[in-house]
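Work through the following exercises with the sequence and the 3D view side by side. Each task is followed by a solution that goes step by step.

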Amino acid sequence: QVQLVESGGGLVQPGGSLRLSCVASGSIFSIYAMGWYRQAPGKQRDLVAVITNSGITNYADSVKGRFTISRDNAKSTVYLQMNSLKPEDTAVYYCAARLAVCPAVSTSSWGQGTQVTVSS
């Protein structure tokens, strides 16, 4: 059983900042990549940013230059620093991980989501 627990969401004014955290726990052999997705009301869930276990990152065009993803492998934790937030960043943010529960078995896991609201 693998659990991803997010924290750090909330209400912020346009131009403000938030930092999301996600901790992975449970029967984890190795984590290949961790990332953040978001889903606004009535829209599909989209990738925001992803980071591999070697530190390679990828961002959605809409957040490049404003968001930074980072990872602490020793703590099985991924962070998303969000700066210059815009109302269109409002969404539920989900943490996701691609990992191995044993050397021969890989799986994907999702967190429960944390709400980010950007509004004045």
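**Exercise 1. The overall fold**

Among contacts in the protein between residues at least 6 apart in sequence, what percentage join residues at least 24 apart? Then describe the strands and the overall dimensions.

*Solution.* Before starting, note that this is a predicted model, in which local features need pLDDT of at least 70 and side-chain atom pairs count only at pLDDT 80 or more, while totals for chains, interfaces and linings use all residues. Residues are numbered from 1 along each chain as its sequence is written, and side-chain values use heavy atoms, with hydrogens and water left out.

Step 1: A contact means heavy atoms within 4.5 Å, and of the contacts between residues at least 6 apart in sequence, 54% join residues at least 24 apart.

Step 2: Helices (H or I, at least four residues) and strands (E, at least two) are DSSP runs, numbered from the N terminus; the protein has zero helices and eleven strands.

Step 3: The radius of gyration, taken over C-alpha atoms, is compared with a globule rule of 2.2 Å times the number of residues to the power 0.38. For this protein the radius is 14 Å, close to the 14 Å that the rule gives for 120 residues, so the protein is as compact as a globular protein of that length. The C-alpha atoms fill a box of roughly 50 × 25 × 25 Å along the principal axes.

Step 4: Buried means under 20% relative accessible area, exposed means over 50%, and partly exposed lies in between, with a 1.4 Å probe and protein chains only. By this rule, 40% of the 120 residues count as buried.

**Exercise 2. Y93**

Is Y93 buried or exposed, and which side chain is joined to that of Y93 by a polar contact of 2.9 Å?

*Solution.* Step 1: Locate Y93 in strand 9, which covers residues 91–102. With a relative accessible area of 0%, Y93 is buried.

Step 1: Leaving out residues up to four places away in sequence, Y93 touches a list of residues that includes E6, W36, F67, M82 and V116.

Step 2: A polar contact is a pair of N or O atoms within 3.5 Å; within protein, one must be able to donate a hydrogen and the other to accept it, and residues adjacent in sequence count only if both atoms are side-chain atoms. Such a contact, of 2.9 Å, joins the side chains of Y93 and R38, and a polar atom of the Y93 side chain also lies 2.6 Å from the backbone oxygen of D89.

**Exercise 3. Two residues of one loop**

Where is R66 found, and which side chain has a polar contact with that of K64?

*Solution.* Step 1: R66 is found in the loop between strand 6 (57–59) and strand 7 (67–72), and K64 is also placed between strand 6 and strand 7.

Step 1: R66 counts as buried because its relative accessibility is 11%, whereas K64, at 48%, is partly exposed.

Step 2: The side chain of R66 reaches the backbone oxygen of S84 at 3.0 Å, while the side chain of K64 has a polar contact of 3.1 Å with the side chain of D61.

**Exercise 4. The backbone of S84**

*Solution.* Step 1: S84 has a positive phi of about 50°, although it is not a glycine.

Step 1: S84 is found in the loop between strand 8 and strand 9, and at 41% relative accessibility it counts as partly exposed.
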